[in-house]
Amino acid sequence: MTLKLYNTRTKTKEEFKPIDPANVRMYVCGPTVYDYAHIGNARPVIVFDVLFRLLRHLYGESHVTYVRNITDVDDKINTRAAERYPDLPPLDAIAKLTTETTAQFHSDVAALGCLPPTHEPRATDYVAKPDAASDMIRIVQRLIERGHAYEAEGHVLFAVATDPNYGKLARRSLDEMQAGARVEVAPYKRDAMDFVLWKPSAPTEPGWASPWGYGRPGWHLECSAMSAALLGETFDIHGGGIDLVFPHHENELAQSTCAHGTDIMANTWMHNGFLQVEGEKMSKSAGNFVTINELLNSDNFGNQYWHPRVVRFAMLGAQYRQPLDWTVDRLVQARSTLLDWSLHLHDYPDQSEPNNDFIGALSDDLNTPAAITIMHSLAKNRSNISDIRQLKACVKFLAVFHNETQADLLPGNKVTSFEDSKLVEVKINARLAARAAKNFAEADRIRDELAAMGIALKDAKDPATGEIVTTWEIAR
């Protein structure tokens with residue numbers, strides 16, 4: 001099976017050829033853990049979890065190394081930790097905050113069916129080491145020695161003008177990048193585009209000893225150090241959200257290649273598209289900010305709870321590079337499909353491997369919509385045991401189903417919204433049509449399906465017309 005992936009660096013879909021097929025290496029930028037992860041954060045985690053599963057399928061579980069980092073030192077983290085734990089020393093305060101928020105992140109993404117990465121490094125572990133210079137400090141020293149960085153007023157900055165390849169990932173000129181970026185204006189910079197590798201910390205801020213004084217690393221430096229330490233100076237795939245292409249990934253690429261003297265950092269750069277909520281950019285000011293935890297544990301989105309399998313399935317309904325509009329309707333449709341499939345899949349034994357058509361769709365740049373279309377096709381022939389077993393293999397491969405019952409997929413076992421009510425009416429009409437056609441087995445199947453949703457049906461004859469009328473209520 002040939003795997004093809006879209007490479008942001010070349011803007012083309014390319015055949016994936018790992019540097020070493022016995023050690024396929026992927027790095028994905030993980031969360032900055034200062035608060036609950038929002039639904040936009042969930043998209044890259046789910047997307048690259050699917051890629052991780054596909055790579056393990058194609059190359060073998062023991063031959064794939066997946067690194068997803070934790071950013072646990074950052075200005076937002078520092079501010080939040082100081083507010084929440086004012087009596088603790090700065091490093092202890094950020095450690096306490098990030099330990100709590102990382103645990104919550106792990107709980108949320110595990111509920112969404114995501115496998116743990118092979119390694120999950122925390123940035124603070126790569127700043128200072130008792131037995132040697134840290135990975136981050138070593139990279140900064142190399143950049144200074146090679147003329148790519150300079151010290152100024154306690155800061156160390158990367159000199160963008162020294163890298164002739166700068167801008168090739170974003171495929172924009174320096175003028176275009178400067179115009180589109182929030183460039184910090186500072187008197188100590190030689191050029192406005194130069195970015196921070198190391199910056200000084202006040203005594204009340206987290207920091208570490210360095211050749212340039214007490215301070216902390218720049219955000220971009222952290223990922224360069226962690227990826228090199230765990231995957232090597234060059235590796236196969238670097239991933240993240242489209243918002244990271246510039247400046248984060250552009251800066252990572254520049255400092256890594258200039259420090260190591262390599263032409264590349266990663267052969268393939270992959271980025272998932274933006275996510276918006278009900279057609280608008282997600283923001284707290286707009287009142288549409290949705291966390292993973294809220295989706296799974298409260299009724300703040302669509303006035304109902306959502307099962308994590310439903311959330312994951314809804315997320316995979318769009319191809320990863322395309323924008324995704326996160327709507328109640330998208331979740332309703334995903335749940336309706338899983339409810340329908342679960343009735344037939346629950347009692348069937350597992351089949352270990354999905355078919356080649358399904359794997360082929362995913363191998364075409366993670367084309368999950370095409371893979372889901374194949375799953376719908378398999379679901380149509382419900383009398384064919386082979387197709388139903390294949391469907392179960394596919395849904396389990398995508399981790400959108402794991403033997404849940406219909407009741408499981410409806411948290412609280414109740415209809416909780418108008419959208420659910422519409423689904424019930426559709427099923428009732430289908431049951432009435434089956435009865436009219438004297439297909440009583442199908443009618444009984446739909447009744448059982450509704451019962452699993454917590455719906456009680458009552459059939460009665462309309463005295464005026466003599467027709468059977470079905471009413472329903474939520475079972476108590």
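The secondary structure of the chain comprises 16 helices and 15 strands, taken as DSSP runs numbered from the N terminus (helices H or I, at least four residues; strands E, at least two). The model is predicted: local features need pLDDT of at least 70, side-chain atom pairs count only at pLDDT 80 or more, and totals for chains, interfaces and linings use all residues. Residues are numbered from 1 along each chain as its sequence is written, and side-chain values use heavy atoms, without hydrogens and water.

Along the principal axes, the C-alpha atoms fill a box of roughly 90 × 50 × 40 Å. The chain has 476 residues, and 51% of them are buried (under 20% relative accessible area, 1.4 Å probe, protein chains only). Of the contacts (heavy atoms within 4.5 Å) between residues at least 6 apart in sequence, 72% join residues at least 24 apart.

Helix 12 (residues 368-380) and helix 13 (residues 385-397) pack against each other through a defined contact. Their axes come within 8 Å and cross at roughly 150°; axes are lines fitted to C-alpha atoms over the stretch in contact, with angles from 0 to 180 degrees between N-to-C directions. Helix 12 is therefore roughly antiparallel to helix 13 (angle over 145 degrees). The crossing is left-handed, the near helix being turned anticlockwise from the far one by less than a right angle. Helix 12 contributes M375, L378 and A379. Helix 13 contributes D387, I388, Q390, L391, C394 and V395. These residues divide into 7 nonpolar, 1 polar and 1 charged.

Conventions
Parallel < 35°, antiparallel > 145°, perpendicular 65-115°, else oblique. Nonpolar A, V, L, I, M, F, W, Y, C, P; charged D, E, K, R; others polar. Buried < 20%, exposed > 50% of the residue type's maximum accessible area, 1.4 Å probe, protein only.
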